[in-house]
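Colleague: I'd like to get to know one part of this model really well. Please pick a spot and take me through it slowly, as I'm still new to this.

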Amino acid sequence: QVQLVESGGGLVQAGGSLRLSCAASQRTFSGRTFSSYAMGWFRQAPGKEREFVASISWTGIAFYADSVKGRFTISRDNAKNTVYLQQNSLNPEDTAVYYCAAGRTAAAIYSSECDYWGQGTQVTVSS
């Protein structure tokens with residue numbers, strides 16, 4: 001069973017930056033290679049529902065939630081089986097546990113129809 005392992009979270013001041021990483025434990029899972037999966041990031045703040053943040057198709061097309069557009073950038077390195085989320089201009093409202101997910105398409109990920117989920121990494125932004 002593949003594992004998605006997030007890293008890079010931490011405590012940062014408002015206006016600062018973080019780079020989250022999510023590495024798949026194997027190149028091929030459920031008969032498909034990592035490069036053929038769409039990948040995405042979600043977040044869940046205390047007392048709130050999980051929400052979509054960003055996704056990237058297997059062709060490299062990116063989609064973003066309006067709340068992070070222009071501040072966050074999703075990218076992938078298929079040679080490393082890894083997807084990244086560069087977070088700039090962070091503000092306290094970005095404080096949440098961030099989860100990585102893999103799905104069949106970027107549209108499916110947007111609808112939370114994901115095949116695999118990571119365990120999450122905490123991002124805390126102080127004011």
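Modeller: Let's begin with a word we'll need a lot: a residue is buried if its relative accessible area is under 20%, exposed if that area is over 50%, and partly exposed in between, using a 1.4 Å probe and protein chains only. Our spot is Y116, and with a relative accessible area of 11% it is buried. Before we go on, keep in mind that this is a predicted model, where local features need pLDDT of at least 70 and side-chain atom pairs count only at pLDDT 80 or more, while totals for chains, interfaces and linings use all residues. Residues are numbered from 1 along each chain as its sequence is written, and side-chain values use heavy atoms, with hydrogens and water left out.

Now for the rings. A pair of aromatic rings is described by two things, the distance of the centres and the angle of the planes. Here, rings of Phe, Tyr and Trp (its six-membered ring) pair if their centres lie within 6.5 Å; planes under 30 degrees apart are stacked, those over 60 are edge-to-face, and the rest are tilted. That rule gives six aromatic pairs. One of them joins F29 and Y116: the ring centres are 5.3 Å apart and the planes meet at 85 degrees, so the pair is edge-to-face. (Strands here are DSSP runs of E with at least two residues, helices are runs of H or I with at least four, and numbering starts from the N terminus.) Like Y116, F29 is buried.

Y116 has another ring partner, Y37. This pair is edge-to-face too, at 6.3 Å centre to centre with 75 degrees between the planes. Y37 is in the loop between β5 (32-33) and β6 (38-44), so pairing with Y116 in β12 ties together parts that are 79 residues apart in sequence. What about the accessibility of Y37, buried or exposed? At 1% relative accessibility, Y37 counts as buried.

We say a charge sits over a ring if NZ of Lys or CZ of Arg is within 6 Å of the ring centre and within 35 degrees of the ring normal. By that test R32 lies over the face of Y37, 4.5 Å from the ring centre.

You'll find A102 in strand β11 (residues 96-103), and with 0% relative accessibility it counts as buried. For a sense of scale, the C-alpha atoms of A102 and G15 are separated by 29 Å, and these two are 87 residues apart along the chain.
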